Amino acid sequence: MRVALFVACFNDALFPGTGRAVTVLLERLGHEVVFPPGQTCCGQMHWTTGYQREAADLARRFADVFGGHDAVVTPSASCAATVRAAYARIARAVGDAELERAADGLAVHELSEFLVDVLGVTDVGAYFPHRVAYHPTCHSLRTLRLGDRPLRLLRAVRGLELVELPAAEECCGFGGTFALKNADVSVAMVADKVRHVRGTCADVLCAADNGCLAHIGGALSRLRGGVRVMHLAEILAATGAPAAAGRP
Amino acid sequence: MTGGSSAGGRDSSAGPVPLPMPKFAAAARTALADTGLRRDLRADAAALRRRREAAAGELGDWQELREAGRAIRDETLLNLDAYLERLEKSVTEAGGAVHWAADAAEAARLVTGLVRATGQGEVVTAAVPAAREIGLHDALAEAGVTVHPTDLAELVARLGGGRRPAARPAPPAFHRDRARLRELLARLPDAPPDLPDDPAALAAAARDHLRRRLLSARVAVCGADFMVADTGTLVLLESEGNGRAAVTVPDTLICVAGIDAVVPTWSDLEVLLQLLPRSATGDRMSPAVSTWTGVTPGDGPRELHLVLLDNGRTAVLADEAGRAALRCVRCSACAHVCPVYERTGDEPYGPRGGGPIGAVVTPLVEGVESAAHASLPYASTLCGACADVCPVKIDIPGLLVHLRGAVVESRRRRPVPTPELVMMRSAAWTMGEQGRYEAALRSGARWARLLSRGGRIRRLPGLLGKWTEARDLPAPPAGGFRGWWRARPRSGGAR
Ligand code: SF4
């Protein structure tokens, strides 16, 4: 299958390992990965902060770049959620019927959805001998309704010990620009998340979105919390061989 | 409809009570530092979430019920004017009097006037969700009327317990610090000097005090959760039963309710009575459900006044996207699951009420011109927990984003662009073309490496400094994803 990778601007800039991992993983499963180089940002930050016109411009651009592809895969749950749940709203907000139609034709899948629902695999042949906790991000949980797909994928990873994260479904306090506009509340929220993560004694905290992971990971790093954060894709790509992508 | 106001023209105090309100983030900072508040909020949230989940979960048709609730509320709001006229007619025919208050000041004036007309210097209040909205207690105090609140939560707050109760106070909070509660209740004039700190004794002390007040009350002010248009019946749900006493014992009963509390028929009420208690407190039915219709000679109050409060509600109705917010039945379930509210409480949201729906309704009604009101739609991570529990399926995150759009549009009209607008525009411009975007990625990575030590950025300049107050940022490794992709031995497909 020919898969177009939407890496998401956040990953493009800060987490190149995640895009590499998706590529390596999908190719290992026998699929062809293409990277439309004109891709930039899905417009999520503009939309959720209230900048409807700018969000619409970016949504139009996204639809242009990815419109022709049968399958678009992204390792960002919140971007997948933006395209699927928000683009129609953005189009209506700015009165752009053409964008609404174009958005409807986009086939954007979050990685774990693509693996489990489209490819029908849960065992992707990964090896990752570590203690891992999984944080279901709000967009994964409540917009995409990923359910236990990421957990099924993680359970099939050889050597991986999956530990339960208490209060897992509670927001980490990221919320995009919320983390800046309401920094104090945001920090109060991530403090509790960090407490729960550390309580699991996991080596690695994993999620399907690097936005939330940057937030929790940033707090863990500041506190020298002794827990690494890794995107789900990076764990699924790991085979124990040095070539496998991991976060440098 | 009868004009309610006795004062002819509007005086300068007309309009929403002008309370100076700080921006959410600033008010939240104060709340975050209040450890007692944090503990109480956390305990309430944990208990109420558990209870709500159990109560909703035990019904096989909860989702169908929510859908029915949504439909009833939408239909009511669509024909609100007709239902309100029907309500006025039913209430009047049953012997009550209906007064219309266009805004908070008029409502406060009406209630004060009605109390004065009785010649009494004291009133009891019970379950008045609109009390804070209309500044009821202050207005009555100013008129020289002594107010005795009969909600336990309000009583505790008055004794110095700090936290003002939410729109719908949590059930008696005996899971909280008992020693503190004992200390507060011991301040009651009629409390036994050796009051022990076990829950039963504390409840008894509070009950004795409140009962004495209630039994001697001649005038009561209460709220209503619903008003049945067909019969003119007012419906009040509570945990404690004080409202039940307040609506039966006094000679004069003044009920203040928002115009959105109207329900067409008793069969509509049946649906909402299943949704509300389970969502609010996790009860199958509220411990005390009072329904009363007009006045009955020789039984209950001899005079019944219903003050119907608009205070911006019809303006919200006119906003096609915002209208859904008026479906709210004030169960507070959204607040109880909200991770922001759990850490800040009601106060930072302003007098119309807190939690996610407060962050929607206040800017919808008051507009977004003031910095404080404009900050409310941003007081959310958009995590979506509220939308999942709302018994009438209000898409609260969607409404928050809608309002954020209104905030930004209003700022665009200002002659000098805000720094945020400049930043957002330039970000969108950068993202609008591949060359610009890739150049920005490269220069961003260079800057990041300059700012980082040991692979981590510990301090960022400007607005981004808010991030690094408490969080690191990883420094992007050289090359980035695009560099890796281009250097790949077999990079098939588009390049
Ligand atoms: S918005 Fe929904 S959940 Fe929140 S108080 Fe209103 S009815 Fe309850």
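## Strand pairing in chain B

Strand 5 (residues 226–228) and strand 6 (residues 233–238) of chain B are joined by 3 bridges and run in the antiparallel sense. Strands (E, at least two residues) and helices (H or I, at least four residues) are DSSP runs numbered from the N terminus, and two strands pair if DSSP finds at least two bridges between them. Within this pair, Val228(B) stands opposite Thr233(B) in strand 6 of chain B. The strands belong to an open sheet of 4 strands in chain B, with the order 8-5-6-9 and mixed pairing. Strand 8 and strand 9 (288–293) of chain B stand at its edges, and each has a single partner strand, so one side of each is left without a neighbour in the sheet.

A further open sheet in chain B has 3 strands in the order 11-12-13, paired antiparallel. Its edges are strand 11 (452–453) and strand 13 (473–474) of chain B; each has a single partner strand, so one side of each lacks a neighbour in the sheet. Strand 12 (residues 456–457) of chain B is antiparallel to strand 13 of chain B, with 2 bridges joining them. Arg456(B) stands opposite Pro474(B) in strand 13 of chain B.

## Basis of the model

This is a predicted model, in which local features need pLDDT of at least 70 and side-chain atom pairs count only at pLDDT 80 or more, while totals for chains, interfaces and linings use all residues. Residues are numbered from 1 along each chain as its sequence is written, chains are lettered from A and ligands numbered from 1 in the order in which they are written, and side-chain values use heavy atoms, with hydrogens and water left out.

## Confidence

The predictor gives the complex an ipTM of 0.95 and a pTM of 0.91. For chain A the mean pLDDT (the predictor's confidence in each residue, from 0 to 100) is 95, and 97% of the residues of chain A reach 70 or more. Over residues 244–248 of chain A, the pLDDT is below 50, and this stretch has 19 contacts (heavy atoms within 4.5 Å) beyond near neighbours in sequence.

Chain B has a mean pLDDT of 87, with 91% of its residues at 70 or more.

## Strand pairing in chain A

Strand 5 (residues 131–134) of chain A runs parallel to strand 6 (residues 161–163) of chain A, and 3 bridges join them. Here Arg131(A) stands opposite Glu161(A) in strand 6 of chain A. Strand 5 of chain A also pairs in the parallel sense with strand 7 (residues 204–207) of chain A over 3 bridges, and Val132(A) stands opposite Val204(A) in strand 7 of chain A.
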